[in-house]
Structure formats: C-alpha cells, structure tokens
Amino acid sequence: MELTGAEIAIRCLQEEGVEYVFGYPGGAVLFIYDALFNQEKVKHILVRHEQAAVHAADGYARSTDKVGVALVTSGPGVTNAVTGIATAYMDSIPMVVISGQVPTSYIGEDAFQEVDTVGITRPCVKHNFLVKDVNDIAITIKKAFYLAKSGRPGPVLVDIPKDISLAKATFEYPKTVSIRSYNPAQKAEMGALKHAVQLLLEAKRPMIYTGGGVILSEAAKPLTELVRLLGFPCTSTLMGLGGYPETDKQFLGMLGMHGTLEANMAMQNCDVLLAVGARFDDRVIGNVKHFGSVPRKIIHIDIDPASISKRVQVDVPLVGDVAHVLQDLLALLHSSRQKPDAAAMAPWWKQIEEWRGRNSSSFKNSIEVIKPQFVVQKLYEITRGEAFVTSDVGQHQMWAAQYYKFDQPRRWINSGGLGTMGFGLPAAMGVQLAHPGDTVACITGEGSIQMCIQELSTCKQFRLPIKVIALNNRYLGMVRQWQEFFHGNRYAESYMDALPDFVKLAEAYGHVGIRVDKPSEVEDALKEAFARKDDLVFMDFRTDPTENVFPMVPGGKGLSDVLMAEDI
Amino acid sequence: MRHIISLLMENEAGALSRVAGLFSARGYNIESLTVAPTEDETLSRMTIVTRGSDEIIEQITKQLNKLIEVVAVMDLTDGEHIERELMLVKVRAEGDAREEMKRMADIFRGRIIDVSDHTYTIELTGAGSKLDSFLQAIDRTLILETVRTGASGIGRGNRVLKL
C-alpha cells in the first residue's frame, strides 16, 4: 500500500520507538501534522517557541539514553530552532530534527517562509539532509537516527519539502543501514591500551579527568570500577558530573574555571593524566601554555579522533567508545601481575588532602540575606540528592554544579558547551516527560528564565510538575561578577530594572508561585513546594545580589592561578 | 608548511559546501581547491592546497574525515607525489611581441590554443611555480586575462587513493 511522505515520516518515528515529538506546526509541515493526528503511538508536545521544542527534545535525550525528536516548520520555525540545535551539537546530544521546507519547485525563489535550512544548520549539526524524493524519506530518517546515536552523538536534521510530504510511495522501513564513509571506532588499539596500563601502574601522582563522554557512553559503572581499582583521585568537567559518585572520597569535585582548588591543582601537578571522554576545553584547563608548562603523560580516551591532540598534545590516544575502552583497560589491569602501588601514591594523596583542607568552595552563610549556595544545599538535602536537576546559564548554574552532589549519571542536565540561557525550563519539560514519577528541579536565574518563560504555558497544558528554583539576585550575575573583577565595577547593562512579579506571573500561567525573602524561610518553602507533587511551583528566591562564584580561575589564566573568596 | 590534501567524497549536492564551510568555520586557509567526479560516478575527488603547522594539518585531516560524506583523505605531501595545474593565459600578441610570445610559450612547453589578429591564448600545465615563472617571464603589460585551475595531485608509484 502506498503512503504519503508525511505518513511515511511518522511511521519511521514509530519504528524507531519514538515516544514524544516536541514541535510547533506551520504551513510546510501541515501534512506531517495531519499524519501525526491520525495515529496514537507518537505523542506530540506542543511548545510555545521552537527553541523550546529542541531544548525539550534535548533534555529528554540527556536524561535517558534515547534520541530526542523535534518537529518544526520551514523558515522562522527552523531559525528559532537553531539555538537549540547548536546547544545539542556542542554537547554531543543525540537528536533528530525534522523540518518542513517549501515545495521543491519553490526552493530558491525566496518563497514565503523559505530559508536555506541545510545551509543555515550545516555548521551546528552532525549531518543534515534535504529529501528530494518521497522514496528516500524512510532511508533518510533511518540514517538520521543511526548517525545521531552512533559514534560521537549529535543532532541530525532532515528537511522535507511540502510536496514530498504529500507525494506517495510504498513504505518499508530498512532494518539496518550502513554508510560507507562513516565507520566510528568502537575499540581502541591493543598496543595503546597496554601502554596506557603501564603508565597508569607506574604513576606516582596520577589523576583521572572525566567528561560528558562518560555519560553519553553509559560508562559510569566501568569508570567507577576503574577509579576504585586504581585508587586514583578523580575529577569531572561540568558535563560529566554524576559519571562518578560525587560523594565518594576519591572524587575531588568539579575542575575548571569554577572548579575546586584540589581538582585544579591535582590536574595541573599530576604526572600521569587519564582523560576519559573529555576534550580539554578552555573553561576546563584555562591557558593551554600554562597547562603545558608542567610535564605529564596524557592518556586520552575519546570516540572522536579530532578531539585528540586538538588543544593539548596527547601521549597515548585511545580512540573508541568510552565504555568499551574502560572495559578493556579493566580487563588488562585485572590480568596484570603488577598492582597499583598505594604506598607510592601516599605523598600525592597527602598533598591533595592539604589542598582539599582549604575548603575552597565554602561560603559564608547569612541570617539576613539568602545566599544562593544555601538554597542549592537545602535543595540537595530535601530531594536527598535524587532529583533530576536542569539549569540555565550563569552563576546559578555554577552553584548548582558545586553544591548539588550527583551520585548518578543523567541527573544533571545543563548547556555546557554553548552556554545557552533559556535552556533550563524547556529541558526540564523533556526530562519530566521521560521520568513522569520523578522529581525534576530547574535551577535558574531571573535573567535566564525570561528567555523561555513562555514554556510555563506548555507545562500547564501537559501537567508537568516541575519545580522552578529561581535564584533571583536582580543582576545578570555572572556578567556582573566579571564586571566587578575585570571592568572596574562598571555594571554595564547587567541590572534589570523592571522585573516581573514572578509569583503573579506563575499564577497567571495557572501555576503556584512562592516568594522567599529570608534565609529562615528557605527550607520550609522548599518542603512545601516539593510536597506539591502535581503542581508546577515557581520559587522566587530573593538572593544576595553581591554574591560571587568561587573559586575562580580567571579567563586566560592557568589552573593554579585560583582566586578564592578570601582573596577578594 | 604547504600541504596538498586529496579526498574522495560522495558525489552529492552540498558536499562541497561542507568542506568549504569547515575551512572557514575553523579558520583554516585554502590556497586552492579543485573538485570533479571520478571514473566512479558516485565519488568526487577533491584536491585542497592549504598551509599550516603540523598540528593544524593533523586537525584538518581529522576534521575532514569526520564529515559524513568524506570517504577517504590523504595528505599527498606525506610522501612522493606529482602536482599539476592548468593555466590559460590570453595575451596581446601584436607586432614584434607576437613572435616573442610564441617563443616564450615554446620554452615553457605551452600550446597556443586560440589565435586572433591581436591575441594568443596559451595553455600551460605544470606545478604552480612553473606557471608563476611563465607569468613573470613575459611582459606583464601584455597579459589580458589568466585563469588557473588550482593544483591537482596524485601519489607516485603504488600510493593510491581509492575506495
């Protein structure tokens, strides 16, 4: 039987086991929406802005091990989606975006709602396709899912012109797909693995540095086993939090610009560094020259060969899937006669404990004004560390990363690479839909939340009981902090003079709003909010406007140039 | 250092713009780029001449390999190779200069492929440096128009870039 292109597209999503599509209708996708309407397997979540559709699909993907799916119309539908796509691309999130396009005969004529979607999205997708023949829809969508999920994951876009979605073809979903020019490595070379094991066993000052690749590869278990077997200290990037239990004593906290002193110093001064699914990003190692000024051997596990020796020269590259490579390292370590030498590492651990003893991420609490760190600490206690936490971008994001201790992967959902304000609330929608019974908190600021605040309406429509924790300091806090430190206290445009009444705003959208002004009210307010299992509660915490994020490695500085709270 | 990178890619619409976009997005320079289908009509062969440190060239080849439509990449400058470029030059050829221009074309093993009362069009192939030398050797004021293809390259002997 022949089906329309639109019907074929939806059948493909069914075949891929897609639960939810996040989207927004429009002229070029009307046939696809019609095909969605006529079935029940794939549920559609109607957002209020296409950026949110993509962030929600992204949050869904990050909190599960599945591909997120978004559906947008041509022209402005696509351009609105671009921020979301770029966000997913920078953090290697598996995603398929289906976009409508003007009919093929109109392409290039500057038709109504036409943009060169393939051209506009090219630099921020893993791959994209323009489907020009209805017979190619099924194979193209099959390829899109395969590309999105395999190798280094990423967003893949499929652009379908309106006439192609109306044309008919017989439907058969391919069982398998292979692309001759695309063969991502799974397992690392044995020689390199053996070399890595030898370096690890001989290390006197070892360090393990983990990133988002651990989460994406579902490698938390083998990573934890490896870290414990070796007895090494371990740190994580912002993207990797939860890959190794943060409450474990071998964990030194997050590293990087706002990482702990002990993590950054151990990273800088180690003699053997094992990098696991992390890419030596500028926010992580700061100044490359300064980092390279101390000799150390670097072993780097990454599925993307282009990540190896991109910013930092690597001695032993292990190109493959993180989980596979860790399993192979474990097997070699188990069969090795040599065992990790705890005595040889004892002085190193002593040094690390000294750094740790300086308590670099402590803060001075207050009974007068709410400290943002205190709110996150209380949130952690009240949710017993088990919530899914999404965040936006800025100071609140760093405090969330520092003070919420993630012991499990896929619980910490934030935009690391692109740093997209507006990500938190729509991402939380995707997370809540993927985990309907679980607690989802969105830690945000009064700046970020306003970038996608319209999604409060989506949350109402689909009854998503997200808890929004707004750390409202009336400033674009991270901008203000940099202006205080590096721009002579000239707070150019970092103060918002006319903020909405967030409590009333939440109520206007049909939710519950709570304002909290005093430190003594924080705990009760959180308890009250989380007791409301079925409601979205928007908590407006009036926090200290002058609070800064510490420790801090200023931009362009080395990892040992740590600015602590007491230095200011 | 100057490098000549050869690659095989799927002969599909948009593939060229992925390569060009990669170079501009990551700030790599392109000295020249040539592309045409191969004997296998599903594949195109591209030759890119670029400059950069060893680290940058390594990144360029890795990033090219990462493009989904790129099937194979080879840095020809890693080994023995041959490089050729085609140039067409239209020159004013009148009076005494007409005979002189013919002689210069012969010396550089060029061929005159179009003749008019006032002009010659000369075809030259060779390494880029040879084409440069020809342009320097003739009277520059006589040059009406030049067009160059950019380098094409191929490995010597058993060095083969094939699927």
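Helices (H or I, at least four residues) and strands (E, at least two) are DSSP runs here, numbered from the N terminus. This is a predicted model, in which local features need pLDDT of at least 70, side-chain atom pairs count only at pLDDT 80 or more, and totals for chains, interfaces and linings use all residues. Residues are numbered from 1 along each chain as its sequence is written, chains are lettered from A and ligands numbered from 1 in the order in which they are written, and side-chain values use heavy atoms, with hydrogens and water left out.

Let's start with the loop between α9 (212-216) and α10 (220-230) of chain A, where you'll find A:Glu218. This residue isn't a glycine, yet its phi is positive, at about 55°. A:Glu218 is partly exposed, with a relative accessible area of 43%; buried would be under 20%, exposed over 50%, and partly exposed is what falls in between (1.4 Å probe, protein chains only). A:Asn359 is another non-glycine with a positive phi of about 55°, and its loop runs between α15 (342-357) and α16 (372-382) of chain A. For background, most residues other than glycine have a negative phi, and most peptide bonds are trans. A cis bond turns up between A:Phe550 and A:Pro551, with omega about -10°. A:Pro551 sits in the segment after β20 (537-542) of chain A.

| Site | Backbone angle |
|---|---|
| A:Glu218 | phi about 55° |
| A:Asn359 | phi about 55° |
| A:Phe550 and A:Pro551 | omega about -10° |

**Cores and a buried arginine**

A nonpolar core is a set of buried Ala, Val, Leu, Ile, Met, Phe, Trp, Tyr and Cys residues joined through side-chain atoms within 4.5 Å. The largest one has 102 residues, and A:Phe280, A:Leu318, A:Ile469 and A:Phe541 have the most contacts inside it. Helix α14 (residues 322-335) of chain A gives the most to this core, namely eight residues. Another core, of 50 residues, lies apart from it and has A:Ile45, A:Ala70, A:Met95 and A:Leu464 among its members.

What does A:Phe541 touch, if residues up to four places away in sequence are not counted? Its contacts (heavy atoms within 4.5 Å) include A:Ile370, A:Val375, A:Ile469 and A:Asn472.

Is A:Arg480 buried or exposed? It's buried, because its relative accessible area is 2%. This arginine belongs to helix α20 (residues 477-486) of chain A. Leaving out residues up to four places away in sequence, A:Arg480 touches A:Gln395, A:Tyr475, A:Tyr491, A:Ser494, A:Pro545, A:Thr546, A:Glu547 and A:Asn548.

**Empty space**

Rolling a probe the size of a water molecule over the atoms shows where empty space is left.

**Chain B**

Chain B has four helices and nine strands. Its C-alpha trace spans about 55 × 35 × 35 Å along the principal axes, and 42% of its 163 residues count as buried.

For a local look, take B:Thr38, in the loop between β2 (32-37) and β3 (43-51) of chain B. B:Thr38 and B:Met9 are 29 residues apart in sequence, with 9.9 Å between them in space, C-alpha to C-alpha. Not counting residues up to four places away in sequence, B:Thr38 touches B:Leu8, B:Leu43, B:Ser44 and B:Arg45.
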